[in-house]
Amino acid sequence: TEVAYVFLSEVLPSESRMKATSGMCITLSLGVMCLAGGCGTLMSSWDWRVTALFWYSPFLVLTLLGPYFVDETLEFLVARGLWSRVEIVGSRIARINGAALPLIETNDAGHVLT
């Protein structure tokens, strides 16, 4: 949940962060309550291996599919000189935040001019 909170803080506009953080905390609390109820009643007859597979399989799916939906940070892309990706990711972030993408000037070596 710490990673999700930091990610939400990075990509959401400032006026949406409080609602998103509250929603995330409420959802997490409800999920923990369902988990406790489900483990205590529904799965008491299951073998522990089946129960573990059932509860951890969504994380496996997210781990395998997540990298295809999440972009690298701008700092990572700039440090490696991947300017075309910087423009794509930066324009996506600017669009979400309702701002214009600033012009980034570089020299022939790929260093950002200030």
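This is a predicted model: local features need pLDDT of at least 70, side-chain atom pairs count only at pLDDT 80 or more; totals for chains, interfaces and linings use all residues.
Residues are numbered from 1 along each chain as its sequence is written, and side-chain values use heavy atoms, with hydrogens and water left out.

**Overall architecture**

- The protein has 5 helices and 0 strands, where helices (H or I, at least four residues) and strands (E, at least two) are DSSP runs numbered from the N terminus.
- The radius of gyration is 20 Å, well over the 13 Å that the globule rule gives for 114 residues, so the protein is more spread out than a compact globule; the radius is taken over C-alpha atoms, and the rule is 2.2 Å times the number of residues to the power 0.38.
- Along the principal axes, the C-alpha atoms fill a box of roughly 65 × 30 × 15 Å.
- Buried residues account for 9% of the 114 residues; buried means under 20% relative accessible area, exposed over 50%, and partly exposed in between (1.4 Å probe, protein chains only).
- The accessible surface is about 9,300 Å², and 67% of this surface belongs to carbon and sulfur atoms; areas come from the Shrake-Rupley method with a 1.4 Å probe, and for residues only the protein chains shown count as cover.
- Of the contacts (heavy atoms within 4.5 Å) between residues at least 6 apart in sequence, 19% join residues at least 24 apart.

- Trp46 is partly exposed at 38% relative accessible area, as are Phe54 at 42% and Trp55 at 28%.
- Thr51, in helix H3, is buried at 14% relative accessibility; neighbours within four places in sequence aside, Thr51 is in contact with Met43 and Trp46.

**Nonpolar surface patch**

- Phe7, Leu60, Val61, Leu64, Leu65, Tyr68, Phe69 and Val70 make a nonpolar surface patch of about 910 Å²; patches are made of residues with over 30% relative accessible area and no salt bridge, like charges being joined within 9 Å and nonpolar side chains (Val, Leu, Ile, Met, Phe, Trp, Tyr) within 5 Å.
- Helix H3 (residues 48–65) supplies the largest share of the patch, 4 residues.
- Leu65 lies in helix H3 and is partly exposed, with a relative accessible area of 45%.

**Salt bridges**

- The count comes to 3 salt bridges, each being a side-chain nitrogen of Lys or Arg within 4 Å of a carboxyl oxygen of Asp or Glu.
- Arg49 and Asp47 meet in one of these, at 3.2 Å from N to O.
- Asp71 and Arg85 form a salt bridge of 2.9 Å, N to O; Asp71 lies in the loop between H3 and helix H4 (74–79) and Arg85 in helix H5 (residues 83–97), so the pair ties together parts 14 residues apart in sequence.
- Asp71 also bridges to Arg92, with the closest N and O atoms 2.2 Å apart; Arg92 is in helix H5, so this pair ties together parts 21 residues apart in sequence.
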